Amino acid sequence: MQTAIDSTEKNPLLHKTIYSILFSISFAHLLNDLIQAIIPSVYPILKENYQLSFSQIGLITFAFQLSASLLQPFVGYYTDKYPKPFSQVYGMLFSTAGIVSISFANNFYWILLSVVLIGIGSSIFHPESARISNMASGGKRGLAQSIFQVGGNFGTALAPLLVALIVVPNSQKHLLWFLIAAVIALGIISKIAFWYRDHLVFKKNKPTVFIDFHNLSKSKVKWAIAILLIVIFSKFFYTACLSTYYTFYIMDKFDLSIKQAQFHMFIYLIAYALGTILGGPLGDKIGRKHVIWLSVFGATPFALLLPYANLFWTDILMIIIGIIMSSAFPAILVYAQELVPKKLGMISGLFYGFAFGMGALGSAMLGKLADYTSIQYVYFVCSFLPLIGVICFFLPNLKKR
């Protein structure tokens, strides 16, 4: 493996943190994930309007997450070999079509088609965006991933609030207002695409730089990736429970209206966004292994308490769980990129894809379980999932940057 070359080489694109690009891609991520997050946000409306079961709600999430997950490693693998600066624009066009479609969808199968379109858009957006964040990081990879990720988390947090204010008092067709977000996103990612294109031209005749973060054998690298994927399973299976069914859970347990439940969902999602801000820089400072270990396994006592809490303590526990668990993903993604630095797009796509896939599987299985038992029982069962995070103990330590 090639080792790091001296950073005094006169290439500001490679060695300077380009915050304008990082914040632009973060805002584009906010808008992309805002569009994604309207899907679970409108579940209570769709369930009521079309008499859907929890199993069908789970299948809608499964269809979205599966379409968003399967393509991502392939998109990343392809663009590692043949970079496509404008691919994100095509992805946003798919998401735009999905917004229009779900605004008019009046049956279960039409809803499925709509969420698949949004999922395809997401699968194109994420691997390339992760690569752009890496390029603009100037070596501050954890910080760059946190800036990128927090945009998506804030977008996810805003969706239930905007749906509660715009869609719930009116009708499903008011989802068309979210086209404004898609149009703004298209403008931003078009500008980023030109920067990306110029960056590729600049690099064309330069030697490619790969930083040697470890001296692990191939088998140990594979073992570390397997552990990370198990952690992703634990984390995203549990967060699928929180993001897909949380409004139903608190409506059922505390007899809340849809609008009230959406505001409680917003509290959790804001906490999730705040945790993302902490995860990347903390990984740069104390080591990614420690952040991953603490952020997954550390949520266990709070997750175990959640099914027994009243509404006030449910909010408090959800804030703590959101902050702790969300700090893991930037650290996990950068750790994986450092394990395989020559295939940034493929490894980013693999981890985003697996995360979405576990969310899909979790939503489908938990929907079935909720239909056969109750939504409160689902939360009791899922409270044990963070225990799986104990496997992080076996991750190898990588070199400091």
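**Entry 1. Helix 11 and helix 14**

I looked up how helix 11 passes helix 14 in this predicted model, and I recorded a left-handed crossing. Helix 11 spans residues 288-297 and helix 14 spans residues 328-339; their axes come within 9 Å and cross at roughly 145°. I then listed the residues that meet. Helix 11 contributes Arg288, Lys289, Val291, Ile292, Ser295 and Val296, while helix 14 contributes Ala328, Ala331, Ile332, Val334, Tyr335 and Glu338. Sorted by class, this contact holds 8 nonpolar, 1 polar and 3 charged residues.

**Entry 2. Helix 3 and helix 9**

I turned next to helix 3 and helix 9, which pack at an angle of about 65° with their axes 10 Å apart. On the helix 3 side I noted Tyr43, Pro44 and Lys47, which meet Thr244, Thr247 and Phe248 of helix 9. The classes here are 3 nonpolar, 2 polar and 1 charged.

**Entry 3. The cavity**

I searched the whole structure for cavities of 30 Å³ or more and found 1. The space in the largest cavity comes to about 700 Å³. Its lining has 38 residues, of which Gln36, Gln65, Thr156, Phe236 and Ser243 are the closest to the centre. Among the elements that give two or more residues to this lining are helix 2, helix 4 (54-81), helix 7 (141-167) and helix 15 (344-372). Helix 3 and helix 9, from the previous entry, are also on that list, as are helix 10 (258-286) and helix 14. By class I recorded 18 nonpolar, 18 polar and 2 charged residues in the lining.

**Entry 4. Glutamine 36**

Setting aside neighbours within four places in sequence, I found glutamine 36 in contact with Phe64, Ile118, Ser122, His126 and Phe356.

**Entry 5. Positive phi values in two loops**

I checked backbone angles at two loop residues. Glutamine 51, in the loop between helix 3 and helix 4, has phi near 50°, a positive value in a residue other than glycine. Aspartate 255 lies in the loop between helix 9 and helix 10. The phi of aspartate 255 is near 55°, again positive in a residue other than glycine. With a relative accessible area of 68%, aspartate 255 is exposed.

Conventions
Residues are numbered from 1 along each chain as its sequence is written. This is a predicted model: local features need pLDDT of at least 70, side-chain atom pairs count only at pLDDT 80 or more; totals for chains, interfaces and linings use all residues. Side-chain values use heavy atoms; hydrogens and water are left out. Axes are lines fitted to C-alpha atoms, for helices over the stretch in contact, and angles run from 0 to 180 degrees between N-to-C directions. Helices (H or I, at least four residues) and strands (E, at least two) are DSSP runs, numbered from the N terminus. A crossing is left-handed if the near helix is turned anticlockwise from the far one by less than a right angle, and right-handed if clockwise. Contact means heavy atoms within 4.5 Å. Ala, Val, Leu, Ile, Met, Phe, Trp, Tyr, Cys and Pro count as nonpolar, Asp, Glu, Lys and Arg as charged, and the others, Gly among them, as polar. On a 1 Å grid over the protein atoms alone, a cavity is a set of points where a 1.4 Å probe fits but cannot get out, and a pocket is an open set with protein on both sides within 12 Å along at least five of seven lines; lining residues have an atom within 4 Å of a point. Grid points are joined across faces, edges and corners, and a volume is the space filled by probe spheres set on the points. Buried means under 20% relative accessible area, exposed over 50%, partly exposed in between (1.4 Å probe, protein chains only).
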